Amino acid sequence: MLERYTRILVTGGAGFIGRHLVAALLELGKQVVILDQLAPEPEPALPGASWVRADIRDAAKVAELANAAELIFHLAANANGSRSVVDPRFDFETNAVGTFNVLEAAKAGEVKKLVYVSSASVYGRPERSPTDEEHPTRPFVPYGASKLSGELCCRAFFAAYDLPVVIARPFCVYGPGENPELALVEVSRYLRWQLNRRPIQVVGDLDCKTRDFVHVSDVVQGLLLADRAPAGEVFNLGSGQETSMRELIEVIELVTGRRASIQEIKEISEDTYRLVADITKIKALGYLPKVSLEEGVRQLTEELGEHPELPAGETIFRKGQRAERAG
Ligand SMILES: NC(=O)c1ccc[n+]([C@@H]2O[C@H](COP(=O)([O-])OP(=O)(O)OC[C@H]3O[C@@H](n4cnc5c(N)ncnc54)[C@H](O)[C@@H]3O)[C@@H](O)[C@H]2O)c1
């Protein structure tokens with residue numbers, strides 16, 4: 001796998017998905033450079049990778065690092081939709097301009113493939129479920145718009161300069177190592193409340209709101225396979241399984257062995273829609289999701305322990321709107 005490459009740059013490599021990806025690349029024996037705004041850790045959890053502290057908005061620094069890379073995974077982003085509503089300029093500059101910087105640097109360098117990690121948020125509220133890659137893109141929060149802007153730049157650089165770019169659209173990623181202050185995916189949020197014996201706060205309708213929860217190890221599997229894809233292609237990256245919020249809570253109850261107390265926040269209806277990946281396209285590259293939701297929740301329960309840190313981030317769709325009550 002990835003035999004063609006030795007030098008690999010991972011932007012956002014210190015983040016939740018990035019760390020898992022870097023660990024997998026190191027296991028494959030690759031030379032990995034991490035570009036992240038976070039300071040390198042004194043005892044790096046990812047020994048073998050070189051970690052450069054830099055801001056993706058700094059075009060000169062990005063160019064310096066991207067120059068030598070043969071393969072680039074671009075993950076650095078504001079990954080929090082609520083923050084994008086509160087501060088859309090910050091979100092756009094990080095996600096859209098940051099992606100432009102990576103593309104411009106890759107164009108000038110020796111890159112053989114660039115994998116842009118976009119997001120299922122580009123679809124907005126899907127009209128059909130499961131949602132395939134041809135579905136219209138109509139994001140409804142600034143985050144979706146900034147990720148889509150990144151995609152459009154990728155497509156334009158492919159068309160104008162033959163830059164070999166592949167776009168991946170992960171759905172709702174969960175697993176070990178998420179930052180509870182930023183992460184908005186329901187799996188670890190609900191589990192953290194349940195483990196602390198707090199009510200699980202459900203934004204939207206328990207039964208009508210569904211998501212495609214995909215384990216981070218399967219996302220990494222998909223990102224590594226993206227190299228096999230022809231340049232210019234876009235791929236959904238999910239489990240292909242539809243799970244309602246009630247079904248997720250039932251899995252959490254089963255794994256933790258106790259009934260959950262549920263606090264519904266029905267007045268916020270923006271979050272009630274079905275979001276499920278059609279994964280036919282990436283399956284043709286050899287992708288096969290391996291971790292079931294129950295198995296993933298079981299692993300995460302062990303990792304989090306009895307009293308994990310509570311989720312802090314709020315779910316915000318409009319300025320001034322606050323979804324969460326005191327937990
Ligand atoms: N987690 C999900 O469910 C999910 C779903 C779809 C898409 N994504 C995308 O996957 C990618 C990784 O997400 P994640 O969940 O690991 O988020 P994360 O916040 O854990 O990781 C993002 C990383 O990017 C770094 N970063 C942010 N701004 C930066 C900047 N200006 N300069 C340099 N580094 C910067 C952060 O320090 C962090 O380490 C993002 O592009 C996100 O949009 C995530």
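## Around the ligand

Which residue has a backbone N or O atom 2.8 Å from an oxygen atom of the ligand? That residue is Leu75. Before going further, please keep in mind that this is a predicted model. At Ile56, a polar backbone atom sits 2.8 Å from a nitrogen atom of the ligand. At Lys147, a polar side-chain atom is 2.8 Å from an oxygen atom of the ligand. On its own the ligand would expose 820 Å², and the protein buries 91% of that area.

The shell around the ligand holds 26 residues, and those that come nearest are Asp36, Ile56, Leu75, Tyr143 and Lys147. Sorted by class, the shell has 16 nonpolar, six polar and four charged residues. If you want to trace where some of them come from, start with helix H1 (16–27) and helix H5, each of which supplies at least two residues of the shell.

## Strands and their partners

Three strands form an open sheet with mixed pairing, in the order E12-E9-E14. Strand E12 (243–244) and strand E14 (274–275) are its edge strands, each pairing on one side only. Strand E9 (residues 210–211) is joined to E12 by two bridges, and these two strands run antiparallel. Within that pairing, Thr210 has Ser244 of E12 as its bridge partner.

Another pairing brings together strand E6 (residues 165–170) and E11, which are parallel and share four bridges. Here Arg169 stands opposite Asn236 of E11. In a regular strand, side chains alternate between the two faces of the sheet.

## Salt bridges

How many salt bridges does the model have? The count comes to 20. One of them pairs Glu110 with Arg7, with the closest N and O atoms 3.5 Å apart. This pair links distant parts of the chain, 103 residues apart: Glu110 is in the loop between helix H4 (88–108) and strand E5 (113–117), and Arg7 is in strand E1 (residues 7–11). Is Glu110 buried or exposed? With a relative accessible area of 51%, Glu110 counts as exposed because the cut-off for that class is over 50%. Arg7, at 30%, is partly exposed.

Glu127 pairs with Arg138, and their closest N and O atoms are 2.3 Å apart. Both Glu127 and Arg138 belong to the loop between E5 and helix H5 (142–161), 11 residues apart. Arg128 and Asp132 also meet through their side chains, at 3.2 Å from N to O. Arg128 is partly exposed at 36% relative accessibility, and Asp132 is partly exposed at 21%. Salt bridges with shared partners also build one network out of Arg7, Glu70, Glu110 and Lys112.

## Backbone angles to check

Most residues other than glycine have a negative phi, and most peptide bonds are trans. With that in mind, a few places in this model deserve a visit. The peptide bond from Ser129 to Pro130 is cis, with omega near -5 degrees. Pro130 lies in the loop between E5 and H5.

Leu2 is not a glycine, yet its phi is positive, at about 55 degrees. You will find Leu2 in the segment before E1. Leu2 is buried, with a relative accessible area of 2%. Asp162 likewise has a positive phi, near 60 degrees, in a residue other than glycine. Asp162 sits in the loop between H5 and E6. At 63% relative accessibility, Asp162 counts as exposed.

Definitions and conventions:
Residues numbered from 1 in each chain as written. Predicted model: local features only at pLDDT ≥ 70, side-chain atom pairs only at ≥ 80, totals over all residues. Heavy atoms only, no water. Pairing = 2+ DSSP bridges. Salt bridge = Lys/Arg side-chain N within 4 Å of Asp/Glu carboxyl O. Buried < 20%, exposed > 50% of the residue type's maximum accessible area, 1.4 Å probe, protein only. Near = heavy atom within 4 Å. Polar contact = N/O pair within 3.5 Å; in protein donor to acceptor, adjacent residues only side chain to side chain. Areas by Shrake-Rupley, 256 points an atom, 1.4 Å probe, with all protein chains shown as cover. Nonpolar A, V, L, I, M, F, W, Y, C, P; charged D, E, K, R; others polar.
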